[in-house]
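Look at the model below and follow the chain with the text beside you. The paragraphs start with confidence, then turn to the helices, the core, the ligand and a few single residues.

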Amino acid sequence: MESLSRRRVLTLGAALGLTTAALEAPKPWSWSSAGSIAKADTVTDPFSVWDPVPDQVAAQLLADGKISAVNTAWQSWVNNSDPLPSGMPSYLVSYLQQVNQLPSWADSSMLAASEKLYTRLSSYLFVSESLGSGILSTVIPREARAVYWSAGGADMKARAAKTFTFGYDLHSGSAWHPTGHFIVSANKTRLVHSMVRNLLPTSTHYEATADESKPISNGDILRTFHSVATVAHNNMQKWGVKLSAAEQAADLHAWQVALHLLGVQDQFIPQSWADAQAQAQQMLWPNLASTTEGVNLAHTLLGYIEQPTLGVDTGFVSEMVRYLIGDTYSDWLKLPHDLVSRALIQAGWPLYVAFREGTSSTAPSGYSLFDSFIRGVAMLYLNNGTSATQTPITLPTANRPG
Ligand code: HEM
């Protein structure tokens with residue numbers, strides 16, 4: 001979209017039913033890589049950069065009809081220290097041998113610090129990242145359309161559970177240990193994205209509404225990173241969760257390595273939270289908009305979340321989303337209002353966090369409600385709400401049918 005003329009943007013926007021916020025002409029990319037971990041003072045548009053090496057591997061897997069064989073083979077490939085499984089084509093094995101490792105600049109003591117931090121923060125992160133960022137992703141037009149028209153869009157319950165496998169593995173207390181899962185999950189995810197880049201452009205539905213030649217550029221991945229990690233960083237500050245400078249740096253470092261493992265080039269990976277905020281200002285907030293696909297996905301996701309297993313009612317869940325992402329985006333998504341729950345959340349959530357953080361000795365009146373809500377969301381995202389094990393990430397073989 002960044003390279004389109006204003007007229008074309010307006011025409012496309014009108015055709016897509018985008019809100020006026022999205023119809024502003026895109027500004028040329030200006031974030032300098034001086035603020036990246038590469039520290040080179042150049043300006044390259046990350047929306048014009050994809051991930052050619054795994055994209056080629058994915059194209060070959062499709063051409064060879066090997067996807068189900070690979071999905072079967074890599075069921076046993078789970079732990080960071082697991083050997084690459086047998087039963088996969090040699091070109092996939094040699095690609096994975098190169099990328100299934102930490103970058104040279106990864107700092108093991110900071111990664112260890114992130115494991116400790118995430119163990120402490122897990123319940124707040126669940127709420128911010130799963131419900132808040134999960135629904136926020138539905139007002140990111142490119143992501144909403146890509147998710148809706150890919151195979152997983154037809155079964156959002158399984159898709160949400162699979163996607164959350166990534167967050168769960170990153171935030172686990174053993175994420176980077178030999179027995180942790182994150183390096184493997186990130187590599188599987190990178191290949192899923194490559195598969196999507198090969199498949200989605202062949203969908204007539206996606207092509208009809210697309211504003212870019214190929215989905216999931218480095219820019220798109222960074223935008224999602226901000227909608228998850230930068231938003232969570234902001235929420236922790238807003239909610240009064242005390243984080244030392246070292247903890248904040250460890251959080252960012254874990255994400256820097258995660259972005260690298262997802263195929264984002266060093267020249268785009270922010271080196272500090274200040275650089276991340278500047279990047280988010282340019283690529284996230286001005287690009288949010290309502291789309292038909294996004295509204296549909298949000299309601300499908302919330303439909304699952306509102307099921308009685310959570311122990312909370314519909315009004316509470318939609319007001320929690322309003323609290324997390326704000327009324328503007330919630331109105332775009334046509335989320336209902338519930339004034340009683342709104343008052344309870346606005347007064348109770350900060351007190352709930354303060355009580356759990358030990359900065360207040362009084363539990364708020366809605367304490368058990370917030371507790372059961374967190375447990376319910378966690379269960380739902382971890383495995384379709386049915387058990388404690390995770391949903392494995394698999395390569396898609398096709399797009400969503402019509
Ligand atoms: C698949 C995570 C960015 C579109 C996945 C999966 C994970 C994941 C874990 C595999 C699970 C599944 O199949 O559902 C992430 C993370 C991102 C990111 C951590 C950035 C930090 C994006 C972006 C887009 C996107 C920017 C689109 C613009 C998709 C699609 C699938 C997918 C279409 C495949 C769903 C299917 O199987 O049909 N992603 N993603 N992702 N992702 Fe992403």
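The mean pLDDT of the chain is 87, and 88% of its residues reach 70 or more. The model scores ipTM 0.98 and pTM 0.91.

This is a predicted model, in which local features need pLDDT of at least 70, side-chain atom pairs count only at pLDDT 80 or more, and totals for chains, interfaces and linings use all residues. Residues are numbered from 1 along each chain as its sequence is written.

The chain has 17 helices and 0 strands. Both kinds of element are DSSP runs numbered from the N terminus, helices being H or I over at least four residues and strands being E over at least two. Of the 402 residues in the chain, 44% are buried. A residue is buried if 20 or more other C-beta atoms lie within 10 Å of its own, exposed if 12 or fewer do, and partly exposed in between, with C-beta atoms placed from the backbone. Among the contacts with a separation of 6 or more, 76% join residues 24 or more positions apart.

Next comes the core. In soluble globular proteins, nonpolar side chains tend to be buried together. In this chain the largest nonpolar core has 95 residues; such a core is a set of buried Ala, Val, Leu, Ile, Met, Phe, Trp, Tyr and Cys residues joined through C-beta atoms within 7 Å. The residues with the most contacts inside this core are Leu131, Val139, Ala258, Leu259, Leu301 and Val321. Leaving out residues up to four places away in sequence, Val139 touches Leu288, Ala289, Ser290, Gly294, Tyr329, Trp332 and Leu333.

Ile135 lies in helix α5, which covers residues 108-136. Why does Ile135 count as buried? Ile135 is buried because 26 other C-beta atoms are within 10 Å. With residues up to four places away in sequence not counted, Ile135 touches Ala298, Leu301, Val321 and Ile325. Ile135 and Tyr323 are 188 residues apart in sequence, and their C-alpha atoms are 12 Å apart in space.

Helix α14 (residues 314-325) has 12 residues and reaches 17 Å from its first C-alpha to its last. That is close to the expected 16 Å, the expected span being 1.5 Å times one less than the number of residues. Of the 12 residues in α14, 9 are buried, among them Phe316, Val317 and Met320. The buried residues of α14 pack against α5, α13 (292-305), α15 (327-332) and α16 (339-357). Just after α14, Gly326 takes a positive phi of about 90°.

Now turn to the ligand. Which residues come nearest to the ligand? Of the 24 residues around the ligand, they are Ser150, Gly152, Lys162, Phe166 and Asp220; a residue is counted here if its C-beta atom, placed from the backbone, lies within 6 Å. Helices α6 (141-149), α7 (156-170), α8 (182-199) and α10 (218-238) each supply at least two residues of this shell, and α7 gives the most, with 5 residues. By class, the shell has 12 nonpolar, 7 polar and 5 charged residues. Here Ala, Val, Leu, Ile, Met, Phe, Trp, Tyr, Cys and Pro count as nonpolar, Asp, Glu, Lys and Arg as charged, and the others, Gly among them, as polar. Helix α6 is mostly covered, with 9 of its 9 residues buried.

Some loop residues remain. Most residues other than glycine have a negative phi. Ile216, in the loop between α9 (204-209) and α10, has a positive phi near 60°. Ile216 is buried because 24 other C-beta atoms are within 10 Å. Lys334, in the loop between α15 and α16, has a positive phi of about 60°. Lys334 is exposed, with 11 other C-beta atoms within 10 Å. Ser360 sits in the loop between α16 and α17 (367-383) and is partly exposed, with 15 other C-beta atoms within 10 Å.

Note on methods
Contact = placed C-beta atoms within 7 Å. pLDDT = per-residue confidence, 0-100.
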